[in-house]
Amino acid sequence: MISKEQYIESLRKMNFDLYVLGEKVDNAVDNPIIRPSLNSIAATYEVAEDEQYADLMTATSSLTGKKINRFTHLHQNPEDLVKKVKMLRLLGQKTGSCFQRCVGMDAANAVFSTTFETDEAYGTDYHQRFIKFWTYIQDNDFVVDGAMTDPKGDRSKSPSAQEDPDLYLRVVERREDGVVVRGCKIHQTGMVNSHEVLVMPTVAMRPADKDYAISFAVPADSEGILLIYGRQSCDTRKLEKDADIDLGNQEFGGHETIVYFNDVFVPNERIFMDGETDFAGMMVERFAGYHRQSYGGCKAGVGDVLIGATALAVEYAGAEKASHVKDKIIEMNHLNETLYSCGLACSGAGKNTKAGNCLVDLLLANVCKQNVTRFPYEITRLAEDLAGGLMVTMPSEQDYNNPKLRPIIEKYLKGVASVSTEDRMRILRLIENITLGAAAVGYRTESMHGAGSPQAQRIMISRQVNMNEKKQLAKNIAHIKN
Ligand code: SF4
Ligand code: FE
């Protein structure tokens, strides 16, 4: 395992072809727009060094027997899955944002089991290749970005039927020693803070889509990869001089990027699927299952911060004793704990795959994520209700620092006498950050679309429930013979 400082130093060696706000960025580590997202992943290293969290944050590698960061672990049993959810809640509480490192962990667990079953069917050696790759990741304690989502173009057409053949990532050239790939992965969480990228197909495929059924891993700064940094609400506040209060969360954040693979070479030993279209669906389903489980942890953790901030905003305004306020806080907690419960439930009901690692219960993981597409919105609505309109009408930090304006702001934006106006502003800006500012990408809209939009879960729920069994149960009780 490496330290937070070693992680940050290792990123300095990366050579990304990266664009932020239209400009090429050579030093991503010290870029004020990017840095908060780097700090969030750095927290996954820092917290792992803290003895009191060792049980959650570390594990024993099933590949090498060494002590590793749990973010690189192949889950061995339901208990490991439960610990994963608890770890994500903890990190959500510590960062109040998306800490990005889960995507690679979820991808690894899906690719590990799918390659085993692909090899069984085709006599390929993808599983051994993946074990070699993942041992390298565990030994170096690297961050891996799991990359699944293609742009998809015309949604009514399959990958190979698109007018533009590049709208799903594909193999454009085959060589003796590997393949060349072209295409794009979008919404890629944490790419600029990652050492490697692990690519998977984005949908189940038919035989005609052979060139699109490709899974592989390459260094995140490989020749031919270009990154365009995603715009976030309020992102340029980070560029304002001495920005502090107005950021809401000064230290932490998340990020997404467009990852363009412009004819990138992948050596044979880093290919984990190439043309086995009938296994693309398995890889997609398993990755989605793990990532839907993840949200039962991370969103509950960020929810804890939001609920805490809301309770403070209410206290600072002297309104905490009103019965409707108490009830709304209870409702926020009820919704937040329901998300966590779902995360724990799909973990506890997990089962081992043929490859030996443990897979979440797919039905319950999809129920978990379906709730995540709704409850954070209600929690957000209640937070905005209780925080009051001041959250979005408050003057800027620059106004507050202007000697002429400060006494006016101090006097008229004060709530209870015992709390400073500055502290009141800080807590309202934090609520703004999570509900509609930079962190809203990770808490609010990502709750809707991250790990798949709501309809994707509904399709999986319909596939996973056994309707015939339910009908039979009803027939048994109603004494219907056929
Ligand atoms: Fe991890 Fe949550 Fe961010 Fe996904 S949204 S990468 S599960 S913190
Ligand atoms: Fe996500």
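**Salt bridges and helix packing**

Arg444 is partly exposed, with a relative accessible area of 26%. In this predicted model, Arg444 pairs up with Glu384 in a salt bridge whose closest N and O atoms are 3.6 Å apart. Glu384 sits in helix α10 (residues 375-387) and Arg444 in helix α15, so the bridge ties together parts that are 60 residues apart in sequence.

Another bridge links Lys185 and Asp150, with 2.8 Å between the closest N and O atoms. Lys185 comes from strand β7 (residues 178-189), while Asp150 is in the loop between β5 and β6, 35 residues away. Both ends are tucked inside: Lys185 is buried, at 1%, and so is Asp150, at 3%. The whole structure has 40 salt bridges.

Helix α7 (residues 280-316) turns up again in a crossing with helix α4 (residues 78-95): the axes come within 7 Å and cross at roughly 35°. The crossing is right-handed. Residues making the contact include Leu81, Val85 and Leu88 of α4 and Tyr290, Gly297 and Val302 of α7.

Elsewhere, Glu117 of helix α5 (residues 102-122) is buried at 12%. Beyond its neighbours within four places in sequence, Glu117 contacts Phe279, Met282, Arg286 and Lys354.

How values were computed:
Residues are numbered from 1 along each chain as its sequence is written. Chains are lettered from A and ligands numbered from 1 in the order in which they are written. This is a predicted model: local features need pLDDT of at least 70, side-chain atom pairs count only at pLDDT 80 or more; totals for chains, interfaces and linings use all residues. Side-chain values use heavy atoms; hydrogens and water are left out. Axes are lines fitted to C-alpha atoms, for helices over the stretch in contact, and angles run from 0 to 180 degrees between N-to-C directions. Helices (H or I, at least four residues) and strands (E, at least two) are DSSP runs, numbered from the N terminus. A crossing is left-handed if the near helix is turned anticlockwise from the far one by less than a right angle, and right-handed if clockwise. Contact means heavy atoms within 4.5 Å. Buried means under 20% relative accessible area, exposed over 50%, partly exposed in between (1.4 Å probe, protein chains only). A salt bridge is a side-chain nitrogen of Lys or Arg within 4 Å of a carboxyl oxygen of Asp or Glu.
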